Amino acid sequence: MFVNAFASTSSSLVSNLIGSGKPDQVMGLCGRMIRLCYFFVLPLGILIALFPDLVLRIYTDNPDLIQSSIPSLWVMLSSYILAVPAFVYFLSVSGTGNTQSALMIDMASIFVYVFYTLLVGIWLREDVAVCWTTEHVYNIMLLTSFFYL
């Protein structure tokens with residue numbers, strides 16, 4: 001929720017900067033938005049990582065299921081390290097008004113994401129926690145938005 005909120009706000013602010021004739025300030029804005037988002041996401045993520053049982057108990061009371069879900073939870077939490085800049089940069093590309101570039105970045109990201117998911121989940125039949133690394137791959141692909149900006 002925090003990541004999407006900051007990324008959406010970044011998109012609007014980038015659009016405002018470009019409309020004001022200040023495109024040179026876009027990268028500085030993105031950096032500030034990333035830092036602000038981390039300010040909220042990292043402490044929450046650390047708390048969840050330290051006390052995963054409490055969070056997972058929301059979904060189940062089964063102690064075996066809780067214990068087997070902890071590695072997946074940690075992988076999902078670690079993906080936020082990449083998700084924060086990836087989504088801020090990606091939605092900032094949309095904020096520039098170049099929706100065609102944003103579409104190309106997203107389509108390439110989704111293509112690699114689906115291929116990686118098939119490779120890891122279907123062909124290699126990896127553990128669920130390893131399958132969740134698809135989020136890392138998707139976020140890395142979205143980070144290519146940085147080069148557009």
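Student: Where is serine 92 found, and is serine 92 buried or exposed?

Tutor: Serine 92 is found in helix 4, where helices are DSSP runs of H or I with at least four residues, numbered from the N terminus. This is a predicted model, in which local features need pLDDT of at least 70 and side-chain atom pairs count only at pLDDT 80 or more, while totals for chains, interfaces and linings use all residues. Residues are numbered from 1 along each chain as its sequence is written, and side-chain values use heavy atoms, with hydrogens and water left out. Because its relative accessibility is 0%, against limits of under 20% for buried, over 50% for exposed and partly exposed in between (1.4 Å probe, protein chains only), serine 92 is buried.

Student: Which backbone nitrogen does the side chain of threonine 60 reach?

Tutor: Threonine 60 lies in the loop between helix 3 (52-56) and helix 4 (63-95). At 19% relative accessibility, threonine 60 counts as buried. Its side chain reaches, at 3.1 Å, the backbone nitrogen of asparagine 62.

Student: What is the angle between the planes of phenylalanine 39 and phenylalanine 40?

Tutor: There are eight aromatic pairs, counted when ring centres of Phe, Tyr or Trp (its six-membered ring) lie within 6.5 Å, with planes under 30 degrees apart stacked, over 60 edge-to-face and the rest tilted. Phenylalanine 39 and phenylalanine 40 form an edge-to-face pair, 5.5 Å centre to centre, with the planes at 90°.

Student: Which residue pairs with phenylalanine 115?

Tutor: Phenylalanine 115 is partly exposed, at 46% relative accessible area. Its edge-to-face partner, 6.2 Å away centre to centre with 65° between the planes, is tryptophan 123.

Notes: Helix = DSSP H or I, 4+ residues; strand = E, 2+ residues; numbered from the N terminus. Polar contact = N/O pair within 3.5 Å; in protein donor to acceptor, adjacent residues only side chain to side chain.
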